[in-house]
Amino acid sequence: MATVGIVMGSDSDMAVMKKAADVLTQFGVSFEMRIISAHREPDVFFEYAQGALERGLKVIIAGAGMAAHLPGMCAALFPLPVIGVPMHTASLGGRDSLYSIVQMPGGIPVATVAIDGGKNAGLLAVRMLAMNDEALLKKLQAFIAEQRESVIKKDERLQEVGYGNY
Ligand code: RP5
């Protein structure tokens with residue numbers, strides 16, 4: 001049974017949403033991944049979002065672009081956390097997606113990450129699940145420590161070779 005639902009409005013969102021899937025795979029979190037358009041197939045979307053709790057999902061990561069209603073509508077139908085991922089768009093640079101997702105009316109929250117923020121969406125889902133999962137929390141702490149080390153190593157190299165040879 002999947003713990004996280006990853007859903008996107010189009011296959012054109014895949015490159016960004018794949019980053020969330022990669023993070024969940026890295027942390028051993030089970031997920032299901034779907035391409036469902038709230039606008040183009042509202043009946044399929046409704047069935048997906050309304051059945052999500054019963055299917056055992058604890059978090060939904062929803063990515064969409066332009067008039068990006070998918071995450072908000074997931075939050076309208078699914079009572080647990082929804083993380084919205086606004087897609088970069090050619091016409092408005094993703095501001096359209098960002099505003100559509102982040103400006104939710106009071107009562108229906110969507111935790112919105114950066115434009116094209118698939119990686120952080122995955123990590124935020126892991127952090128949410130780690131609240132009640134000691135083993136996952138340990139993995140998260142190890143990841144945070146590794147990340148810190150990698151920046152320290154980069155700075156050490158910079159100090160060693162200088163910016164011209166970096
Ligand atoms: C949204 O419209 C999708 O999430 C996608 O980001 C955008 C464009 O979709 P396509 O025309 O590429 O299918 O629903």
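Helices here are DSSP runs of H or I with at least four residues, and strands are DSSP runs of E with at least two, both numbered from the N terminus. On that basis the protein holds six helices and five strands, and reading along the sequence gives the pattern β-α-β-α-β-α-β-α-β-α-α. The model is a predicted one, in which local features need pLDDT of at least 70 and side-chain atom pairs count only at pLDDT 80 or more, while totals for chains, interfaces and linings use all residues. Residues are numbered from 1 along each chain as its sequence is written, and side-chain values use heavy atoms, with hydrogens and water left out.

As for overall dimensions, the C-alpha trace spans about 60 × 40 × 30 Å along its principal axes. Of the 166 residues in the protein, 40% are buried. Buried stands for under 20% relative accessible area, exposed for over 50%, and partly exposed for anything in between (1.4 Å probe, protein chains only).

S1 covers residues 4-8, and five of the five are buried, so the strand is largely enclosed by the rest of the structure. In a regular strand, side chains alternate between the two faces of the sheet. In S1 both faces are covered: Val 4, Ile 6 and Met 8 are buried on one side, and Gly 5 and Val 7 are buried on the other.

Next come the neighbours of S1. Two strands count as paired if DSSP finds at least two bridges between them. S1 runs parallel to strand S2 (residues 31-35), with five bridges joining them, and Val 4 sits opposite Phe 31 of S2. S1 also pairs in the parallel sense with strand S3 (residues 59-64), again over five bridges; here the bridge partner of Val 4 is Val 59.

A salt bridge is a side-chain nitrogen of Lys or Arg within 4 Å of a carboxyl oxygen of Asp or Glu, and the structure holds four of them. One of these is between Glu 32 and Arg 55, whose closest N and O atoms are 3.0 Å apart. This pair links distant parts of the chain, 23 residues apart: Glu 32 belongs to S2, while Arg 55 is in the loop between helix H2 (42-51) and S3. Arg 55 is partly exposed, at 28% relative accessibility.

Lys 138 is exposed at 52%, and so is Glu 134 at 53%. Arg 148 and Glu 149 form a salt bridge too, with closest N and O atoms 3.1 Å apart; Arg 148 is exposed at 52%, whereas Glu 149 is partly exposed at 35%.

Finally, the ligand. Residues around the ligand include Gly 9, Ser 10, Ala 64, Gly 65, Met 66 and Met 87, where being near takes a heavy atom within 4 Å. Polar contacts are pairs of N or O atoms within 3.5 Å; within protein, one must be able to donate a hydrogen and the other to accept it, and residues adjacent in sequence count only if both atoms are side-chain atoms. An oxygen atom of the ligand is 2.7 Å from a side-chain N or O atom of Ser 12, a polar side-chain atom of Asp 13 is 2.6 Å from a ligand oxygen, and for the side chain of Arg 40 the distance to a ligand oxygen is 2.9 Å. Taken alone the ligand exposes 360 Å², and the protein buries 71% of that, with areas from the Shrake-Rupley method and a 1.4 Å probe; for residues, only the protein chains shown count as cover.
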